[in-house]
Amino acid sequence: MTALSQPVADVPVKAASRRPPRRIFHTIDHWALPGFTLLAIGYLLIPIVVMIIFSFNDYQGKFNFVWHGFTLQGWLHPFDWPGLPDAIKTSLLIAVLSTVGSTILGTFIGLALTRYNFRGRGAINGLIFLPMATPEIVMGSSLLTLFVNSGLQGGMLNGIVPKGVLFPLGFTTILIAHIMFNISYVVVTVKARIAGFDRRLEEAAMDLGADELTTFWKVTFPLIFPGVLAAGLLAFSLSIDDFIITSFVSGTTNTFPIWVYSVIKNALPVQINVVGSMVFLGAVLIVGLSNIRQARANR
Amino acid sequence: MTGPSPPLRRGRTGPSVRQRVGKATPYLLLAPGILWLMVFFILPSVQMFLTSVSTGSLDNGFKLTWSGAAYVTSLTKFGPQFENSLIYGGTATLLTFVIGFPVAYTIAFRGGRWKNFLLFMVIAPFFTSFLIRTISWKVLLLDDGPVLSFLRALHVLPADASVIGTPIAVIAGITYNFLPFMILPLYVALEKIDPSLIEAANDLYASRWGAFRRVTIPLALPGIFAGTILTFIPALGDYVNAILLGSPQTQMIGNVIQSRFLLLGDYPVAAALSFILMAAILVAVSIYARALGTEQLTG
């Protein structure tokens with residue numbers, strides 16, 4: 001990326017020696033900054049383009065690394081690799097369940113933090129911030145020690161949690177971990193939405209005789225719903241893509257990223273690119289459509 | 001509540017909502033999520049610390065002996081890996097800032113009607129798996145891959161140049177993977193700046209550079225803080241880039257933790273390493289927050 005930035009960085013320096021100052025800023029504003037931004041976005045998109053192109057590769061041998069020619073074989077057999085369909089199912093199920101769980105728990109916390117005064121707010125804020133400031137590897141490994149410990153004699157959770165729930169590792173432990181790391185992101189997203197919220201609307205509803213629950217469902221919830229939805233989408237995407245934490249708590253259960261990682265040691269099947277491209281194009285389509293709908297609604 | 005409700009208070013209703021709400025409500029809202037974080041974030045951290053001062057093996061169980069042996073091993077044997085993490089993570093964070101700031105600045109101030117589209121391009125990488133993107137970089141950076149072939153054709157690189165397996169590849173991968181985490185918070189902070197503040201600085205005879213340095217940068221500090229933290233912390237704990245793009249010589253501390261936990265079953269040393277990493281990060285973040293004077297940002 002240094003190679004990319006050099007030609008652009010040179011422009012203002014050269015210009016400085018020749019032109020009067022105002023022209024420099026004109027050059028920066030109109031050429032250097034936009035040009036640099038486009039280069040940077042190109043840099044961000046290159047691997048995705050490679051992924052999509054190589055999903056059509058008629059590769060030889062086991063590794064889909066070198067271009068050999070165009071074929072649709074990968075797209076005609078997108079899930080044709082041992083373990084892949086199961087991994088995708090597990091990933092989707094975990095993502096849906098952890099999104100629902102963390103969005104509910106996180107929205108509650110977000111509401112409590114923005115709507116009520118209570119003691120210990122600072123400590124709660126700190127507790128929410130900590131998981132985001134902790135490297136995934138630390139969270140994953142500490143969960144591993146807890147789960148393994150619950151299966152050992154004299155372990156902290158041994159006796160409290162029924163045997164077989166947390167250890168051996170598997171679906172349940174992955175789900176627990178995903179809800180855990182998603183909560184903070186949901187809280188932050190929902191809080192940002194509630195912060196810009198006119199509380200007099202609720203007061204007006206209550207003054208007009210609505211009780212608390214009615215006020216919540218008829219006034220508060222519709223107003224914060226976009227924030228809750230955004231938080232849910234964020235949680236879903238974090239969950240479905242998580243590798244590091246999952247790798248510590250998955251045991252022998254495969255999610256899609258774990259499956260990819262286990263397969264690429266011995267082969268690089270084109271199906272990885274095909275599924276990756278499907279997810280990418282699907283997500284782009286969903287976001288694109290919702291943007292169009294919103295643009296229409298705003299008109 | 002459908003019965004006759006008590007007469008509603010007239011006039012200023014600010015505190016009335018809160019008065020009608022039971023005092024327990026915030027705690028009830030907080031309880032499930034906070035409990036989840038206590039059991040699956042705080043408790044594992046405690047367990048990890050206890051594991052780090054235990055002795056034993058996975059087969060025979062671990063016994064709490066308050067032995068510091070794991071810490072001695074961690075601090076004496078893994079200097080190079082800690083150093084690699086710090087250098088790769090630090091360099092990558094710096095590079096994401098150097099690349100990300102102009103991009104965020106351009107989108108925030110010059111984006112115009114393209115703003116949303118450009119932001120969408122910045123987050124587009126999130127729509128594919130982090131692992132697959134990193135594999136794409138491997139395809140790109142292979143010795144006879146497109147990037148090296150191109151640079152060789154331009155005679156920028158000698159014929160035997162190689163990138164895969166070097167620190168450069170690992171740093172490039174980390175920079176790539178975390179660039180959106182830098183751009184987004186920078187954009188949010190820059191977007192909030194009222195352009196009339198910068199105009200005011202110009203009206204008061206600040207040069208463009210002076211206004212940038214003394215108005216834009218200080219107002220962007222929260223974004224700089226968030227961006228560097230969101231990049232540096234995961235970069236420090238990352239091991240996927242080092243495995244896929246590096247070589248045994250480019251191992252980071254995450255690689256050691258991962259292999260000790262998942263391959264060697266050497267829990268005490270692995271837990272000690274995780275704990276040291278976590279402690280170092282907490283200390284660094286608090287010093288950094290104080291240095292930038294942005295402590296209130298964590299809330």
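Colleague: How many salt bridges does the rule count over all chains?
Modeller: This is a predicted model, in which local features need pLDDT of at least 70, side-chain atom pairs count only at pLDDT 80 or more, and totals for chains, interfaces and linings use all residues. Side chains of opposite charge can pair when their charged atoms come close. The rule asks for a side-chain nitrogen of Lys or Arg within 4 Å of a carboxyl oxygen of Asp or Glu. Over all chains, the count of salt bridges is five.

Colleague: What area is buried between chain A and chain B?
Modeller: Contact, meaning heavy atoms within 4.5 Å, joins 87 residues of chain A to 92 residues of chain B. Buried area is the accessible area (1.4 Å probe) that two parts lose on being put together, summed over both. Carbon and sulfur atoms give 79% of the area here. The total is about 8,400 Å².

Colleague: Which helix gives the largest share of the side of chain A that touches chain B?
Modeller: The helix in question spans residues 21-54 of chain A. It supplies 17 residues to that side. The helix is H2.

Colleague: What area is buried between domain 1 and domain 2 of chain A?
Modeller: An automatic or database domain assignment gives domain 1 (2-76) and domain 2 (86-268). Each domain brings five residues to the contact. Lys62(A), Phe63(A) and Asn64(A) supply 86% of the area that domain 1 buries against domain 2. Carbon and sulfur atoms give 59% of the buried area, which is about 370 Å².

Colleague: Is the ring pair of Phe56(A) and Phe70(A) stacked or edge-to-face?
Modeller: Rings of Phe, Tyr and Trp (its six-membered ring) pair if their centres lie within 6.5 Å; planes under 30 degrees apart count as stacked, over 60 as edge-to-face and the rest as tilted. The structure holds 32 aromatic pairs over all chains. Both residues lie in the loop between H2 and helix H3 (73-76) of chain A, so the pair ties together parts that are 14 residues apart in sequence. The centres of Phe56(A) and Phe70(A) are 5.3 Å apart and the planes stand at 15 degrees, so the pair is stacked.

Notes: Residues are numbered from 1 along each chain as its sequence is written. Chains are lettered from A and ligands numbered from 1 in the order in which they are written. Side-chain values use heavy atoms; hydrogens and water are left out. Helices (H or I, at least four residues) and strands (E, at least two) are DSSP runs, numbered from the N terminus.
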